[in-house]
Amino acid sequence: MASTAAEIVAFLLTISGWVLVSSTLPTDYWKVSTIDGTVITTATFWANLWKTCVTDSTGVSNCKDFPSMLALDGYIQACRGLMISAVCLGFFGSVFGLIGMKCTKVGGSDQTKAKIACLAGLIFILSGLCSMTGCSLYANRITSEFFDPSYIAQKYELGAALFIGWAGASLCIIGGSIFCFSIAENSKSPRRGYAYNGAASVMSSRTKVHSSVPDKTPPKHFDKNAYV
């Protein structure tokens with residue numbers, strides 16, 4: 001029962017993490033920078049993995065898509081590949097996790113389902129590592145440019161998408177680890193022993209048959225001299 005509850009908790013954690021990781025791809029604010037006036041913010045610059053934009057004080061945004069994938073910086077291409085890999089791995093991990101849970105009716109025996117659940121845990125851990133690496137690589141580029149005194153271009157700060165990606169990656173790794181421990185917990189569960197009662201049943205049946213047969217031995221007649 002405890003193993004089933006742990007698997008349900010692991011599944012909820014991994015699915016939540018996968019949803020958060022997937023939501024980072026279309027999120028706008030991977031990095032953000034503002035230009036403040038004396039009273040209001042005059043302009044907000046922000047960018048993600050697909051485009052860079054600027055929003056003025058009236059709320060009007062002007063965006064420019066990245067012109068060519070081959071002309072992009074290497075870290076953006078790496079982040080794209082890592083985040084897409086994390087989303088794909090999370091999808092397959094959710095399918096295997098649903099099959100490997102003990103509360104479902106598919107997957108075969110408990111030993112087979114435990115192996116499938118362990119495989120799902122490994123896939124989710126790999127998905128979390130991909131997302132963690134992609135967000136950390138992007139954040140490292142932002143911080144290195146921000147603290148570089150010789151960098152004279154527009155400097156950015158960490159956006160909300162990075163924190164969402166880190167949170168989702170952490171949930172995937174934690175839930176995947178719980179899935180991996182399910183196979184060890186299943187192997188430690190004691191097997192039920194059954195005692196062989198064949199001989200006792202045979203003896204009891206013979207006793208019943210013997211007792212059911214009437215005693216046909218003739219009664220003994222004693223004469224009067226038998227007591228002398």
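**Close-up views of a predicted model**

**View 1. Leu 119 in helix 3.** Leu 119 lies in helix 3, where helices (H or I, at least four residues) and strands (E, at least two) are DSSP runs, numbered from the N terminus. At 38% relative accessibility, Leu 119 counts as partly exposed, a class that falls between buried, under 20% relative accessible area, and exposed, over 50%, with a 1.4 Å probe and protein chains only. The C-alpha atoms of Leu 119 and Gly 100 are 8.7 Å apart, although 19 residues separate the two along the chain. This is a predicted model, in which local features need pLDDT of at least 70 and side-chain atom pairs count only at pLDDT 80 or more, while totals for chains, interfaces and linings use all residues. Residues are numbered from 1 along each chain as its sequence is written, and side-chain values use heavy atoms, with hydrogens and water left out.

**View 2. The packing of helix 2 against helix 3.** Helix 2 (residues 74-100) packs with helix 3 (residues 110-146) at an angle of about 160°, and their axes are 8 Å apart; the axes are lines fitted to C-alpha atoms, for helices over the stretch in contact, and angles run from 0 to 180 degrees between N-to-C directions. Helix 2 is therefore roughly antiparallel to helix 3, a term for angles over 145 degrees, as against under 35 for roughly parallel, 65 to 115 for roughly perpendicular and the rest for oblique. The residues of the contact of helix 2 with helix 3 comprise 20 nonpolar, nine polar and two charged, where Ala, Val, Leu, Ile, Met, Phe, Trp, Tyr, Cys and Pro count as nonpolar, Asp, Glu, Lys and Arg as charged, and the others, Gly among them, as polar.

**View 3. Gly 90 in helix 2.** Gly 90 is found in helix 2 and is buried, with a relative accessible area of 0%. Not counting residues up to four places away in sequence, Gly 90 touches Trp 18, Phe 124 and Ser 127, contact meaning heavy atoms within 4.5 Å. A separation of 9.0 Å is found between the C-alpha atoms of Gly 90 and Ala 120, which are 30 residues apart along the chain.

**View 4. Glu 145 in helix 3.** Glu 145, which is found in helix 3, counts as buried at 14% relative accessibility. Once its neighbours within four places in sequence are left aside, Glu 145 is in contact with Tyr 151 and Lys 155.

**View 5. Ser 33 and Ile 35 in strand 1.** Ser 33 lies in strand 1 (residues 31-36), and Ile 35 lies in strand 1 as well. Ser 33 counts as buried at 8% relative accessibility, whereas Ile 35 counts as partly exposed at 37%. The side chains of Ser 33 and Gln 154 are joined by a polar contact of 2.5 Å, that is, a pair of N or O atoms within 3.5 Å of which, within protein, one must be able to donate a hydrogen and the other to accept it, residues adjacent in sequence counting only if both atoms are side-chain atoms. Ser 33 also touches, among others beyond four places away in sequence, Ala 43, Thr 44, Phe 45, Lys 155 and Tyr 156. For Ile 35, the C-alpha atom is separated by 9.6 Å from that of Asp 56, 21 residues apart along the chain.
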